[in-house]
Amino acid sequence: MERAYHQWFSKALQRNMELLVFGHAGRAVLFFPTRMARFYDYENWGIVGSLFEKLENGELQLFCVDSIDAESFYNKNIHPAGRIARYILYENYLINEVLPFIRKLNGSSGLAVAGCSMGAYHAVNLGLKHPQLFTKVTGMSGRYDLTISLPNYDDLFDGYRDEDIYFNMPRQYMSNLTDEGLLNTIKQLDITIAIGETDPFLPGNLAFSDLLWSKGITHQFYIWDNDAHRPRYWRQMVKFYL
């Protein structure tokens with residue numbers, strides 16, 4: 001299985017950004033790390049290894065990007081408006097730097113976006129905001145509205161709200177989406193959502209699934225035993241959903 005490390009100075013973020021590429025061909029997958037995790041954690045946790053055959057056979061090519069969650073959503077040292085502004089710069093980095101890099105390395109026609117935990121938020125938000133760029137969206141153990149407080153999970157904006165926050169919370173902006181052209185593009189996506197039966201995010205996932213159905217957006221929704229919010233579960237999920 002091919003493995004390659006890449007780093008460059010991001011114009012959008014004004015800092016060095018790193019990523020790992022696994023595999024040599026096949027469907028490209030932009031893969032986001034978990035909450036404040038790093039681009040190498042999926043490898044360390046055996047999640048990349050669980051996909052060895054698909055990667056070795058040229059069925060998949062994983063692009064494991066880094067996160068800047070500590071500088072954006074979890075940066076309590078700056079105002080919430082600054083947190084979402086930093087996230088928007090991260091999105092610019094992904095679209096204007098990472099995606100062209102993927103296209104250069106990978107010749108497949110389909111591009112998937114996926115993630116676990118906080119990575120699922122990143123994947124679903126990016127996929128639904130820019131459905132023309134992707135063919136498949138997979139969220140595992142995700143949270144799709146970061147403004148809702150839950151046990152052990154805070155409102156990441158401390159009660160502050162603005163348009164930038166609204167337009168980056170999938171459960172919020174999807175509820176009011178009426179643009180038929182955008183909705184039709186989203187309906188072309190292969191969307192999968194997976195969550196554990198005791199995961200605190202389950203109620204939100206159920207509500208989000210209902211919201212997608214109410215918009216006529218077909219998707220697969222799976223509930224796993226227990227909380228399923230651990231690498232040992234994600235090692236199994238990626239085999240089915242990527």
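A residue counts as partly exposed when its relative accessible area lies between the 20% under which it is buried and the 50% over which it is exposed. Arg38, at 28% relative accessibility, therefore counts as partly exposed. Please keep in mind that this is a predicted model.

**Salt bridges around Arg38**

- The structure holds eleven salt bridges, and Arg38 takes part in the two described here.
- One of them pairs Arg38 with Glu18, and the closest N and O atoms are 3.2 Å apart.
- This pair links distant parts of the chain, with Glu18 in strand S2 (residues 15-22) and Arg38 in the loop between strand S3 (27-32) and helix H1 (41-44), 20 residues apart.
- Arg38 also forms a salt bridge with Asp66, where the closest N and O atoms are 2.7 Å apart.
- Here, too, distant parts of the chain are linked: Asp66 sits in the loop between strand S4 (60-65) and helix H3 (80-105), 28 residues from Arg38.

- Glu91 is found in helix H3, and with 7% relative accessibility it counts as buried because the cut-off is under 20%.
- The side chains of Glu91 and Lys129 meet in a salt bridge, with 2.8 Å from N to O.
- That pair links distant parts of the chain, from Glu91 in helix H3 to Lys129 in helix H4, 38 residues apart.
- Lys129 has a relative accessible area of 25%, so Lys129 is partly exposed.
- Elsewhere, salt bridges that share partners join Arg15, Glu71 and Arg86 into one network.
- The side chains of Glu91 and Lys129 are also joined by a polar contact of 2.8 Å.
- Leaving aside residues up to four places away in sequence, Glu91 touches Asn125, Leu126, Lys129, His130 and Asn168.

**Helix H4 itself**

- Helix H4 covers residues 118-129, and its twelve residues should span 16 Å at 1.5 Å a residue.
- Among the buried residues of H4 are Met118, Tyr121, His122, Val124 and Leu128.
- Asn125 and Leu126, which Glu91 touches, are also buried residues of H4.

**Strands S7 and S8**

- Strand S7 (residues 190-196) and strand S8 (residues 220-224) run parallel and are joined by five bridges.
- Ile195 has Ile223 in S8 as its bridge partner.
- From S7 the chain passes through helix H8 (residues 202-214) to reach S8, and this β-α-β crossover is right-handed.

**Gln236 in helix H9**

- Gln236 lies in helix H9, which covers residues 231-241.
- The relative accessible area of Gln236 is 36%, so Gln236 is partly exposed.
- Gln236 and Gln61 are 175 residues apart in sequence, while their C-alpha atoms are 18 Å apart in space.

Methods: Residues are numbered from 1 along each chain as its sequence is written. This is a predicted model: local features need pLDDT of at least 70, side-chain atom pairs count only at pLDDT 80 or more; totals for chains, interfaces and linings use all residues. Side-chain values use heavy atoms; hydrogens and water are left out. Helices (H or I, at least four residues) and strands (E, at least two) are DSSP runs, numbered from the N terminus. The expected span of a helix is 1.5 Å times one less than its number of residues. Buried means under 20% relative accessible area, exposed over 50%, partly exposed in between (1.4 Å probe, protein chains only). A salt bridge is a side-chain nitrogen of Lys or Arg within 4 Å of a carboxyl oxygen of Asp or Glu. A polar contact is a pair of N or O atoms within 3.5 Å; within protein, one must be able to donate a hydrogen and the other to accept it, and residues adjacent in sequence count only if both atoms are side-chain atoms. Contact means heavy atoms within 4.5 Å. Two strands pair if DSSP finds at least two bridges between them. A crossover is right-handed if, with the strands pointing away from the viewer, the path from the first strand over the helix to the second runs clockwise.
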